[in-house]
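Dear colleague,

I am handing over the structure below, together with some notes for a reader who has not seen it before. Please look through it first and then read on.

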Amino acid sequence: MTSVAASTLEANLAPIVVTLIAWLIWGERPRPRFLLALAMALSGVLLMVSPKLAAGRGAMRGDLLGLGTACFYAGYIVVVSRLRSAHDTGAVMLRTTVVFTVLLMPLALTEKFLPDSRSGWADLVGLALIAQVFGQGLIAFALAHLPATFGSVGLYMQPIASAVYAWLLLGERLTPLQLVGAGVVLVAIALARASRARRTPSVGLGSEGALARGDLE
């Protein structure tokens, strides 16, 4: 319901939402630089979805889901980071996985699990190997050997890579105005992460951004 580039950028707004949650719930007042980042992020998203504004809410349904992803992902980050202060990573990840598997099972049962064709199985195996094994494995390896801030900057390449792949493989092209908006969102995310005054303990998270030490600064 939206482009790959737009949905990836919108989901990567989670660090900004994390700071907002910490501000509203725990009174962790952000630096003025974060407020600037928030304004930039909102303006960048507005530029990204500007071609759809005249078409109404239906055309923006996918973008609203992308922004919802950022909110839910941010809530997950906040909960896990708080649990990590009292429990080790393995226990937290195991229990959260079990709990959310149970909660999401009714929804999962409405979907079809197994492919019918060889190409379907190839897609499934490719997702497992490329996104999870190699993607997450390389991120975990890199963060163990690089400073958190440098690794975090490296993760900014995800939305850019997504846009390039979508262009090459799916024929999705962003308008010049959307490209400007994407650049503004990337700068806003970087500025928001840099504005965090306190470092939060590292947590190992799953796919879709692999928000780790650099994202929780």
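This is a predicted model: local features need pLDDT of at least 70, side-chain atom pairs count only at pLDDT 80 or more; totals for chains, interfaces and linings use all residues.

Residues are numbered from 1 along each chain as its sequence is written, and side-chain values use heavy atoms, with hydrogens and water left out.

The secondary structure comes to nine helices and zero strands, where helices (H or I, at least four residues) and strands (E, at least two) are DSSP runs numbered from the N terminus. Of the 217 residues of the protein, 35% count as buried, a term that means under 20% relative accessible area, with exposed being over 50% and partly exposed in between (1.4 Å probe, protein chains only). Among the contacts (heavy atoms within 4.5 Å) with a separation of 6 or more, 76% are accounted for by residues 24 or more positions apart.

The largest nonpolar core has 26 residues, of which Leu9, Leu13, Ile16, Ala74 and Val185 touch the most other members; such a core is a set of buried Ala, Val, Leu, Ile, Met, Phe, Trp, Tyr and Cys residues joined through side-chain atoms within 4.5 Å. At least two residues of this core are supplied by each of α1, α2 (14–26), α3 (32–53), α4 and α9 (176–195), and the largest share, seven residues, comes from α9. Leaving aside neighbours within four places in sequence, Val185 is in contact with Leu9, Leu13, Ala41, Gly44 and Val45.

Helix α1 (residues 4–11) is mostly covered, since six of its eight residues are buried, including Ala5 and Leu9. Thr8 also lies in helix α1 and counts as buried at 11% relative accessibility; leaving aside its neighbours within four places in sequence, Thr8 is in contact with Gln158, Pro159 and Ser162.

The structure holds one aromatic pair. Tyr73 and Tyr76 form this pair, which is stacked, at 6.3 Å centre to centre and 20° between the planes; rings of Phe, Tyr and Trp (its six-membered ring) pair if their centres lie within 6.5 Å, and planes under 30 degrees apart count as stacked, over 60 as edge-to-face and the rest as tilted. Both tyrosines lie in helix α4 (residues 61–84), three residues apart, about one turn of the helix, and Tyr73 is buried, with a relative accessible area of 13%.

With best regards
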